[in-house]
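Here's a quick briefing to read alongside the model. Have the sequence and the 3D view open as you go.

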Amino acid sequence: LLKRSDISLVVPILNFTPVFSLAIGLLFFNEIPSILGLSGIILILIGSYVINLQKNVKWYDPILALFKDKYSRLTLFAALVFAIVYTVDRIGVLSSSLIFFISLSRFLVSLAIFTIILLTPSVSVDIIKGWHKYFALGLVATVGIAVQSQALVLTDLSYVTSIKQLQVIFSVIAGYFVFKESQISQRFIASLLMITGVILISFG
């Protein structure tokens with residue numbers, strides 16, 4: 001996705017993850033967000049709408065764009081997958097222990113990725129050459145996953161996934177300064193709406 005679409009567009013669409021998480025939380029954990037929490041999720045949805053807003057289009061075009069555009073559809077699907085993964089993480093941590101579940105689940109994921117790498121020689125060569133970079137990324141990711149899993153135990157599922165969406169502001173900044181992407185002002189405004197939603201969720 002990031003190879004074929006703007007990072008400042010793709011990452012913000014992942015903010016639909018809290019919406020999917022809210023539905024899952026209601027269905028499986030009987031979690032009902034507060035008024036502030038629900039307002040925050042609504043702001044995240046509005047931000048996702050603004051980010052697809054174009055001049056001289058009908059009001060519903062940004063909504064349709066989420067489903068017409070191939071990469072937007074894939075990103076929405078990824079948001080759903082993330083919501084499911086967060087749910088599985090929470091069930092796993094609550095059923096066992098943080099360290100055990102994180103170690104086991106990430107070992108299985110790493111094993112699957114390693115198998116794919118072995119079946120793709122060109123990727124294997126690239127990873128071997130830059131092994132220290134991938135090792136550092138893996139270490140940072142492991143710490144992030146451990147902290148995220150602990151948060152899933154301490155608060156509601158929809159809140160954890162919403163707070164994580166702070167990454168959107170960093171993606172917009174990277175899109176402007178690193179990748180020189182267009183429509184940054186509009187995407188930044190949309191990101192601010194999402195961040196406001198995150199703040200409301202924090203106080204909720």
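Predicted model: local features only at pLDDT ≥ 70, side-chain atom pairs only at ≥ 80, totals over all residues.

**How H2 and H3 sit together**
- H2 covers residues 17-29 and H3 covers residues 35-50.
- Their axes lie 9 Å apart, and the two helices pack at an angle of about 140°.
- Angles over 145 degrees would count as roughly antiparallel, so H2 is classed as oblique to H3.

**The overall fold**
- Take the contacts in the protein chain between residues at least 6 apart in sequence: 77% of them join residues at least 24 apart.

**Helix H8**
- H8 runs over residues 131-154, which is 24 residues.
- At 1.5 Å a residue, H8 should span 34 Å, and its end C-alpha atoms are 35 Å apart, so the two values agree.
- Which residues of H8 are buried? They are Ile145, Gln148, Ser149 and Leu152.

**Burial and surface**
- Of the 204 residues in the protein chain, 36% are buried.
- The protein chain exposes about 12,200 Å², and 75% of that comes from carbon and sulfur atoms.

Notes
Residues numbered from 1 in each chain as written. Heavy atoms only, no water. Buried < 20%, exposed > 50% of the residue type's maximum accessible area, 1.4 Å probe, protein only. Contact = heavy atoms within 4.5 Å. Areas by Shrake-Rupley, 256 points an atom, 1.4 Å probe, with all protein chains shown as cover. Helix = DSSP H or I, 4+ residues; strand = E, 2+ residues; numbered from the N terminus. Expected span 1.5 Å × (residues − 1). Axes fitted to C-alpha atoms, helices over the stretch in contact; angles between N-to-C directions. Parallel < 35°, antiparallel > 145°, perpendicular 65-115°, else oblique.
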